[in-house]
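I opened my notebook for this one with a plain plan: look at one chain, then at how it meets its partner, then at a single residue.

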Amino acid sequence: MPDELKYHSRHSLGELELGLRNDEQWWGALTAVEVLENYTLATMGGPRPALNSLLLLPMIADQAPPAPSGAELICKGKAYVSGTAIGVAAFRLG
Amino acid sequence: MVPLSGCATLRSAQRPVLLAEDMKAALADYKWPDIQRKFYSSNDADRHGLTRRQYRDEVIWLYMRAIDSNYAQFRSSVESESRGSDFAFDLVLAALAGITSVAEADEVGPFAAAIATMIGAKGSFDKNLFFDKTLSAVLTAMDEERAKRRLVIDQGMQNDEKNYSIVRAMADLTAYQEAGNLSDAISNLTTEAVINKRDAVARLENAAATCDSVEDMQQVTADLRQLLDATDGADNTKRDIFAAAFGLPAGLDKTQLVQLVGRELNKDYCKASLRVTKAAEIRAALTP
C-alpha cells in the first residue's frame, strides 16, 4: 500500500533528497514525486532501499539528465526546490 | 515642467537595444546537454580555452541575459495589456459573478490567461484579497521572486566549479526563469486565502515552521523500522512495547503500527532527536 509524504516548498534540492532518503527508510522506496498546492508530494511503498541510494537531479527543460554511473531512473516528476516548482528526476544507485 | 500630450502613447519602458531574440540566438552554441559534455571535458579547447569555472560563468551569464531580456519583453506586454484593455478585470468580475466560461482567455494575453487559470484552479479564490493586491503588487511579487532566485545563482557563482557545477547552475537558471510567472506570483499573493487548512497535516505545518534544514537520519530510521519488523509474530508483547514508546494503545498489529508510528515520525521529519531517543528507549525495553 503506497503512502504519500509531504515536503514543504523551501527545501533545497539536497535537503529534499535527504528528506526523501530518510522517509524511504520507514515508508519504502520512492515511486513518484509531484507538486500539489504549495508542497511536494512523494509516494513511497514496497521494500526499503539501501541507505544513500536515492539521487535527485533537476530536469533540464523536459529531459532527464543522463543517469549517474551505476544508477537507474526511478521516476520523473515535479518538486518544489527553494520555493520554485521544477522538474526532477529520481535515480537509484546500485 | 514638460507637459504630456493627452494624445501621446506613453511606453512604460524604453525600447530595448539588446533584443530578446538576439540574446536567445547567442545561446545557439550553448545548448543542453552539449554544455554539460563540454563542462566536464578534460580539454580546455572544448570550452574555447576557458577553464571549467570560466565556462560555467559564461554559460550562466549568457542564459541569465537571455532570461532577463525575455522577461523584460513579457513584463512590458503584461503592463501594456492591462492599460490597454479592461478585459482582464472584466474577466475577473465575470468569473467572480459566477460565469465560469473563460475559454476565450487564451487569446487575450498572459495577464488575462493567468487570472483565468487562477480562477479556474482556485474555487475558494478570495476576491477582496485579490482586489487589494492589484497588478503592481503581482508584478512586484514576480520581481521579488526573481531577485531571490538571482541571489541563489550569484551565491552559487562564488563557489568553484566542483561545489557549483553546471548541472546545479542550470537547475537554478530554470528556477530563475520560472520565477517570472504571473500565475505563481498571483498564487503566492493569495496562498494564505486559498489554502485548504484541512489538508495542512501536522507534518507540513510543523515542518514549514521549524524545518529549515534536514538532518541525515536514514540510519536511525532504518534501525527503528528494523526494530518494528522484528516484532512480527503472534506474540503482541513486543509490539505493545513499541506502541507504548509512542504513546499508542496496546493490541495494534504491525501494519497499524507502521502507519501510526509513521504519523508520529512525520511530525518531526527534519530533526533526528525524536527518533534517536525512541530507538534507544525501545531497544532497551526489548532487551531482556
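Before counting, I noted that helices (H or I, at least four residues) and strands (E, at least two) are taken as DSSP runs. I also reminded myself that this is a predicted model.

**Entry 1: chain A.** I counted one helix and six strands in chain A, and reading along the sequence gave me β-α-β-β-β-β-β. Of its 94 residues, 61% count as buried. I looked up the contacts between residues at least 6 apart in sequence, and 59% of them join residues at least 24 apart.

**Entry 2: where chain A meets chain B.** How many residues does each chain bring to the contact? I found 33 from chain A and 47 from chain B. Together the two chains bury about 3,400 Å², with 54% of it on carbon and sulfur atoms. Lys6(A), Trp26(A) and Ile60(A) supply 23% of the area chain A buries here, more than any other three residues.

Next I checked the polar side. Eight residue pairs are in polar contact between the chains. The rule finds one salt bridge across the interface: Asp229(B) meets Arg48(A) at 2.7 Å, N to O. On chain A's side, α1(A) gives the largest share, ten residues. By class, that side has 14 nonpolar, eleven polar and eight charged residues.

**Entry 3: Met64(B).** I found this residue in helix α3 (residues 52-84) of chain B. Is Met64(B) buried or exposed? Met64(B) is buried, because its relative accessibility is 3% and the cut-off is under 20%. Leaving out residues up to four places away in sequence, Met64(B) touches Arg150(B), Ile153(B), Asp154(B), Leu173(B) and Tyr176(B). I also noted 9.9 Å between the C-alpha atoms of Met64(B) and Thr174(B), which sit 110 residues apart along the chain.

Conventions. Residues are numbered from 1 along each chain as its sequence is written. Chains are lettered from A and ligands numbered from 1 in the order in which they are written. This is a predicted model: local features need pLDDT of at least 70, side-chain atom pairs count only at pLDDT 80 or more; totals for chains, interfaces and linings use all residues. Side-chain values use heavy atoms; hydrogens and water are left out. Buried means under 20% relative accessible area, exposed over 50%, partly exposed in between (1.4 Å probe, protein chains only). Contact means heavy atoms within 4.5 Å. Buried area is the accessible area (1.4 Å probe) that two parts lose on being put together, summed over both. A salt bridge is a side-chain nitrogen of Lys or Arg within 4 Å of a carboxyl oxygen of Asp or Glu. A polar contact is a pair of N or O atoms within 3.5 Å; within protein, one must be able to donate a hydrogen and the other to accept it, and residues adjacent in sequence count only if both atoms are side-chain atoms. Ala, Val, Leu, Ile, Met, Phe, Trp, Tyr, Cys and Pro count as nonpolar, Asp, Glu, Lys and Arg as charged, and the others, Gly among them, as polar.
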